Amino acid sequence: MEILLKDREIAAIIPSYTQNGDVTLLYKTDGSCIVLPVQPETVVRTLAERRQESLCLLRRWAEKYTGQKLWEPLGISWELVLVPLKMRKPRVPGDTTSGYVSFSWIEEVEKEGAFSRLRLQNQQKLPVLWSWKTVVQHLQNAFLLQSLRLQSLDDGFWRRMVLAGPGHPPL
């Protein structure tokens, strides 16, 4: 499966039931949505692989910093840190319940009874079947991973500037 969207254009990757079976809704940052006939995990794996990464390695890297063994955020890039959240109840055993939301696009976490709702920067609202406190903890972990990705980017930039030396263009 080929995904042509840039990391910064992805707002959320959500499982959905349709009359034709399970699909994935790929929400774009402009508010539009693409329906993909695959599981969310397939979309996420494709996003990782196009950067020559594996989900296993991304999860292991996240676990090292967050101490979280399940539902780890995925630091695909500095622009796309995906927060896995429980987005729906399964209809049958084995159904995918998790969706992924781009940390950069989350504007607010709202309480909705015992559960939560995310409001994205493009004003889309996505229900989450976890408490507000649990969602906030997952967002804190995603913030940490995004900070680590940005630090790595900054380090690379400054190394290039130092190697080039004063008065020379960056390498």
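# Leu-85 and the fold around it

Student: What does Leu-85 touch, leaving out residues up to four places away in sequence?
Tutor: Leu-85 touches Trp-71, Thr-97, Ser-98, Gly-99, Val-101, Leu-118, Val-128, Trp-130, Val-135 and His-138. Keep in mind that this is a predicted model.

Student: Which residues have the most contacts inside the largest nonpolar core?
Tutor: Leu-85 is one of them, together with Val-101, Leu-118, Leu-126 and Val-135. That core has 26 residues.

Student: Which elements each supply at least two residues of this core?
Tutor: Strands S1, S2, S5, S7 (106-112), S8 (115-120) and S9 (125-128) do, and so does helix H3 (132-164).

Student: And which one gives the most?
Tutor: H3, with five residues.

Student: What other core lies apart from it?
Tutor: Another core of 16 residues, including Ile-13, Leu-55, Leu-58 and Ile-76.

Student: Back up a bit. How many helices and strands does the chain have?
Tutor: Three helices and nine strands. Along the sequence the pattern reads β-β-β-α-α-β-β-β-β-β-β-α.

Student: How much of the chain is buried?
Tutor: Buried residues account for 44% of the 171 residues. As for contacts between residues at least 6 apart in sequence, 47% join residues at least 24 apart.

Student: In what order do the six strands of the open sheet come?
Tutor: The order is S3-S2-S1-S6-S5-S4, with antiparallel pairing. Strand S3 (33-36) and strand S4 (74-75) stand at the edges, and each has a single partner strand, so one side of each is left without a neighbour in the sheet.

Student: How many bridges pair S4 with S5?
Tutor: Two, in the antiparallel sense, with S5 covering residues 81-86. Leu-74 stands opposite Leu-82 in S5.

Student: Which strands does H1 lie across?
Tutor: Helix H1 (residues 40-49) lies across S1 (10-18), S2 (21-28), S3, S4, S5 and S6 (98-102). H1 runs at about 155° to S1.

Student: Why is H1 described as largely enclosed by the rest of the structure?
Tutor: Because seven of its ten residues are buried. The buried ones are Pro-40, Thr-42, Val-43, Val-44, Thr-46, Leu-47 and Ala-48.

Student: Now the hairpins. How many residues sit between S7 and S8?
Tutor: Two, and Gly-113 in that turn has a positive phi of about 65°. S7 and S8 run antiparallel and are joined by six bridges. Lys-111 has Ser-116 in S8 as its bridge partner.

Student: What about S8 and S9, how many residues between them?
Tutor: Four, and there Gln-123 in the turn has a positive phi of about 75°. Four bridges join S8 to S9, again antiparallel. Ser-116 has Val-128 in S9 as its bridge partner. Ser-116 is also the partner of Lys-111, and Val-128 is among the residues that Leu-85 touches.

Student: Switching to Asp-7. Where is it found, and is it buried or exposed?
Tutor: Asp-7 is in the segment before S1. With a relative accessible area of 3%, Asp-7 falls under the 20% cut-off, so it counts as buried.

Student: Which side chains join that of Asp-7 in polar contacts?
Tutor: Arg-50, at 2.6 Å, and Arg-51, at 2.7 Å.

Student: Where is Thr-96 found?
Tutor: In the loop between S5 and S6. Thr-96 and Pro-15 are 81 residues apart in sequence, yet 6.9 Å apart in space, C-alpha to C-alpha.

Student: What else is Thr-96 in contact with?
Tutor: Besides Pro-15, Thr-96 is in contact with Gln-39, Pro-40 and Arg-88, leaving aside neighbours within four places in sequence. The side chains of Thr-96 and Gln-39 are joined by a polar contact of 2.6 Å. Pro-40 is one of the buried residues of H1.

Definitions and conventions
Residues are numbered from 1 along each chain as its sequence is written. This is a predicted model: local features need pLDDT of at least 70, side-chain atom pairs count only at pLDDT 80 or more; totals for chains, interfaces and linings use all residues. Side-chain values use heavy atoms; hydrogens and water are left out. Two strands pair if DSSP finds at least two bridges between them. Contact means heavy atoms within 4.5 Å. Axes are lines fitted to C-alpha atoms, for helices over the stretch in contact, and angles run from 0 to 180 degrees between N-to-C directions. Buried means under 20% relative accessible area, exposed over 50%, partly exposed in between (1.4 Å probe, protein chains only). A polar contact is a pair of N or O atoms within 3.5 Å; within protein, one must be able to donate a hydrogen and the other to accept it, and residues adjacent in sequence count only if both atoms are side-chain atoms. A nonpolar core is a set of buried Ala, Val, Leu, Ile, Met, Phe, Trp, Tyr and Cys residues joined through side-chain atoms within 4.5 Å.
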